Amino acid sequence: MFNNNGELLVLNTFTGKLYKVHSKNAKVVSSILQHKRIDENEIPLHSLIAEKLLVPDNADEYAYYRSSCSGTIHQPDLGLTVLPTHQCNCRCVYCYENFNSDIMSRLVQSNLVEFVKNEISRCTSLSIAWFGGEPLLAMSVIEDLSNHFIDLCRIRKKQYGASITTNGTLLTLETFRILQKCRVYTYQITIDGTKEVHDAQRPLTTGKSSYDLIIDNLLKIKQTIRVNSFKVFLRINLTKSSLDSIDEYIKTIEGLFGDDPRFIIHFNVAGNWGGSRIGEFLDELLTQSDNVSDKIKCSLDKLSYILPTQNIDKSYWGSF
């Protein structure tokens, strides 16, 4: 698929990676991929081969797939991403979900526990990443599965820990304490800029504000929970609107959480992740010409002390 800049977007369905080919090479690469015509004088093939967009005719890709799956499953550390539900109480403008599926069935839960039971003896540890939808809409599933996983790891003398990606609106103090018992130690929660920008990008299904709910929940956790056994990554999906008000956003986050090292800013660049809603939001997406890194650095330099941050994730900009 070509974009408006004449660049070719190529999805490698095997690796799940999306590539953007420069316009000067786009037509040649498209011809190669569609018609298997290769002219080594026109384009350096090593990039296509290295990323497995081109493979030899005699390659057994199915065997490679089986080997890759086996290597993932039988690593010393068994890591699983579990979606207890696809439902969500927010309607983020760049979200790709269609919310068709409901809460994970009892049969699927049972099969998942059985899978872990069969695999855990080969591993040194088990880690679960709770994802969704909004996983906290299915707290009963998280609790039930966590109890099974913890018991299995205790019996087999394996380490266990979990993380969760949540919008934070349902992360009350009571829910947080339950998640601590479920050994959820890492939290990723998106605050997409100032209240105005965040609520425009991440409204509730009712269209109302989600910002105040999130901030209120996080402040109660910060003020009440004294242990240091958790980290909260405050993610911002940068868009043109949030970048324009980045000074105010960072100053606000510093004032709320800058004195607590358990809270860390995670900068991310919002991308076209698919779905039906993104079409109306494309003009808000950033490009390399927006000098994101420089603007973030300039804002951080204004802080009175260092606020913990993670590097800006802009990997989808990668191109040949």
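**Exercise 1. How many aromatic pairs does the count come to?**

Solution. Start with the kind of model: this one is predicted. Rings pair if their centres lie within 6.5 Å, and by this rule the count comes to eight aromatic pairs.

Step 1: take one of them. Phe176 and Phe230 form a pair with 5.0 Å from centre to centre and 75° between the planes. Planes over 60 degrees apart count as edge-to-face, so the pair of Phe176 and Phe230 is edge-to-face.

Step 2: look at burial. Phe176 and Phe230 are both buried.

**Exercise 2. Which aromatic pair does Tyr187 form with Phe230, stacked or edge-to-face?**

Solution. Step 1: read the geometry. The centres of Tyr187 and Phe230 are 6.5 Å apart, with 90° between the planes, and the pair is edge-to-face.

Step 1: find the partners in the chain. Tyr187 is buried, as is Phe230.

Step 2: widen the view. One aromatic cluster is formed by Phe176, Tyr187, Phe230, Phe257 and Phe263.

**Exercise 3. Which residues have the most contacts inside the largest nonpolar core?**

Solution. Step 1: name them. In this core of 59 residues, they are Leu126, Trp130, Phe149, Tyr187 and Leu218.

Step 1: ask which helix gives the most. Helix H5 (residues 139-155) does, with eight residues.

Step 2: follow Tyr187 again. Leaving aside neighbours within four places in sequence, its contacts include Ile164, Leu171, Phe176, Phe230 and Val232.

Step 3: look beyond this core. A second, separate core has twelve residues, among them Cys90, Cys95, Ile278 and Phe281.

**Exercise 4. Is Ser146 buried or exposed?**

Solution. Step 1: locate Ser146, which is in helix H5.

Step 1: check its accessibility. Buried means under 20% relative accessible area; Ser146 has 0%, so this residue counts as buried.

Step 2: list what it meets. Not counting residues up to four places away in sequence, Ser146 touches Trp130, Tyr160 and Cys182.

**Exercise 5. Where does Cys88 lie, and which residues is it in contact with?**

Solution. Step 1: Cys88 is in the loop between strand S3 (77-82) and helix H4 (106-119). With a relative accessible area of 15%, Cys88 is buried.

Step 1: setting aside neighbours within four places in sequence, Cys88 is in contact with Phe99, Gly133, Glu134, Leu137, Asn167 and Thr205.

Step 2: turn to Phe99. Its C-alpha atom is separated by 7.1 Å from that of Cys88, eleven residues apart along the chain. Over the ring of Phe99 sits the charged end of Arg91, 3.8 Å from the ring centre.

**Exercise 6. Which residues of helix H11 are buried?**

Solution. Step 1: in H11 (residues 292-301), the buried residues are Val292, Ile296 and Ser299.

Step 1: these three cover an arc of only 65° around the axis, so they are on the same side of H11.

Step 2: An α-helix has 3.6 residues a turn, so residues three or four places apart point the same way.

Step 3: turn to the other face. Away from the buried side, H11 carries the exposed residues Asp294, Lys297 and Asp301.

Conventions:
Residues are numbered from 1 along each chain as its sequence is written. This is a predicted model: local features need pLDDT of at least 70, side-chain atom pairs count only at pLDDT 80 or more; totals for chains, interfaces and linings use all residues. Side-chain values use heavy atoms; hydrogens and water are left out. Rings of Phe, Tyr and Trp (its six-membered ring) pair if their centres lie within 6.5 Å; planes under 30 degrees apart count as stacked, over 60 as edge-to-face and the rest as tilted. Buried means under 20% relative accessible area, exposed over 50%, partly exposed in between (1.4 Å probe, protein chains only). A charge sits over a ring if NZ of Lys or CZ of Arg is within 6 Å of the ring centre and within 35 degrees of the ring normal. A nonpolar core is a set of buried Ala, Val, Leu, Ile, Met, Phe, Trp, Tyr and Cys residues joined through side-chain atoms within 4.5 Å. Helices (H or I, at least four residues) and strands (E, at least two) are DSSP runs, numbered from the N terminus. Contact means heavy atoms within 4.5 Å. The arc is that of the directions from the helix axis to the C-beta atoms.
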